Amino acid sequence: MGKVITIDTEYANMPQVASAYLLEEEGHGVVVETNTTHAIPKILKTMESEGIKRENLDYVIVTHVHLDHAGGAWALLEACPNAILLAHPKTAKHLIDPSLLIKSATSVYGKENFDSLYGEIKPVPKDRVRVMEDGEWLVWKDHSFQFIYTKGHANHHFCIYDKKSNGIYTGDSFGISYPHLENGKRFIFPTTTPTDFDSVEAIRSLERILETGAEVAYLTHFGVIGNLKENATDLKEGLILCQEAINNLETIPKEDRLPFVESKVEAMIQTLADKHSLTLSESDWKLLHLDVNLNAQGLVYAFEKKQPKV
């Protein structure tokens with residue numbers, strides 16, 4: 001009958017922070033999201049436990065080029081000789097030649113953190129990449145996948161709707177929901193990391209996801225969720241709060257912008273947690289620190305790139 005397996009890739013050595021997904025049908029497989037090079041042994045081990053030989057991995061799909069989603073794509077393709085990478089055209093370009101991607105990520109994280117988080121990154125062979133256009137369908141076994149461009153978090157992002165499961169693989173376009181923060185409940189918040197955040201496009205992407213009629217979303221961060229309409233309402237509220245933070249930067253000195261926006265991102269997350277009567281502990285906030293910082297960097301970047309050049 002086939003199945004979908006959620007793989008905890010243990011990003012940054014933390015459980016339930018980032019997931020990859022393995023679809024199995026008739027001894028063949030598709031992997032959606034690869035996380036980093038460090039995650040590939042775990043994906044391969046899951047394939048083995050599900051009876052999928054490496055030569056029977058047919059497709060690797062990444063939602064966008066950010067390295068916690070696609071950094072290990074080259075290594076999975078290297079290990080699985082018949083797999084084809086399916087990607088957004090802008091994502092494909094940077095995985096075929098990752099030099100600018102590595103340079104950009106190193107500037108954000110620093111060389112030591114980059115090496116620790118992502119490890120080695122090599123080019124993906126061009127002849128093993130297939131670009132998927134907006135709205136394009138792909139049939140695999142008895143699955144029909146539709147690729148839907150979803151700007152807002154990144155302009156090279158798509159989601160993958162699976163007609164068979166009536167589910168959608170959302171990458172970062174449907175936010176972040178960490179199970180271990182939730183005490184058995186779900187709350188969700190948007191991700192606005194550098195460098196392409198656009199609140200208007202992000203809200204439109206939420207609408208496109210809902211328009212598929214999907215009953216569940218396969219989040220990269222983390223796991224499977226339902227109640228898409230309710231969660232989309234929370235995400236829209238969070239995105240509006242993020243845009244308000246950007247608008248308020250007009251009067252904030254440059255050196256104070258990042259800490260100011262970090263406080264606004266923390267307030268946004270707290271607002272959404274409060275809606276579901278959830279208390280975030282000190283240890284929860286410690287885990288959320290990286291998201292708060294990166295989201296704030298993305299909002300400051302979105303503000304500054306629209307300022308007139310001096």
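Q: If buried means under 20% relative accessible area, exposed over 50% and partly exposed in between (1.4 Å probe, protein chains only), what share of the 310 residues in the protein chain is buried?
A: Buried residues account for 55% of the 310. Please note that this is a predicted model, in which local features need pLDDT of at least 70 and side-chain atom pairs count only at pLDDT 80 or more, while totals for chains, interfaces and linings use all residues. Residues are numbered from 1 along each chain as its sequence is written, and side-chain values use heavy atoms, with hydrogens and water left out.

Q: How many helices and strands does the chain have?
A: The protein chain has ten helices and twelve strands. Both are DSSP runs numbered from the N terminus: helices are H or I with at least four residues, strands E with at least two.

Q: And what does the C-alpha trace span?
A: Along its principal axes, the trace spans about 60 × 40 × 35 Å.

Q: Is strand S4 mostly covered or mostly uncovered?
A: Strand S4, residues 57–61, is mostly covered, with five of its five residues buried.

Q: Which way do S3 and S4 run, parallel or antiparallel?
A: Strand S3 (residues 28–32) and S4 run parallel, and four bridges join them. Opposite valine 32 stands isoleucine 61 in S4. Two strands count as paired if DSSP finds at least two bridges between them.

Q: Changing topic: in what order do the six strands of the open sheet lie?
A: The order is S7-S8-S9-S10-S11-S12, and the pairing is mixed. At the edges are strand S7 (137–140) and strand S12 (223–225), each of which pairs on one side only.

Q: What joins S8 to S9?
A: Strand S8 (residues 143–149) and strand S9 (residues 158–162) run antiparallel and are joined by five bridges. Tyrosine 149 has phenylalanine 158 in S9 as its bridge partner.

Q: What volume has the largest cavity, and which residues lie nearest its centre?
A: Its volume is about 90 Å³, a volume being the space filled by probe spheres set on grid points joined across faces, edges and corners. The lining of the largest cavity has 13 residues, and Asp172, Ser173, Pro190, Ala202 and Leu239 lie nearest the centre. Helix H7 (199–211) and helix H8 (228–247) are the elements that give two or more residues to that lining.

Q: What about the second largest cavity?
A: The second largest cavity has a volume of about 50 Å³. Its lining includes Leu67, Ala70, Trp74, Pro98 and Lys122. Helix H2 (67–70) and helix H3 (73–79) each supply at least two of the lining residues.

Q: How much space lies in the largest pocket?
A: About 670 Å³ of space lies there. The largest pocket is lined by 32 residues, with His66, Leu67, Tyr109, Thr193 and Pro194 nearest its centre.

Q: Which elements give two or more residues to that lining?
A: They are H2, helix H4 (89–96), helix H5 (99–109) and helix H10 (282–304). The largest share of the pocket lining, six residues, comes from H5.

Technical notes. 1 Å grid on protein atoms, 1.4 Å probe; cavity = no way out; pocket = protein on both sides within 12 Å on 5 of 7 lines; lining within 4 Å.
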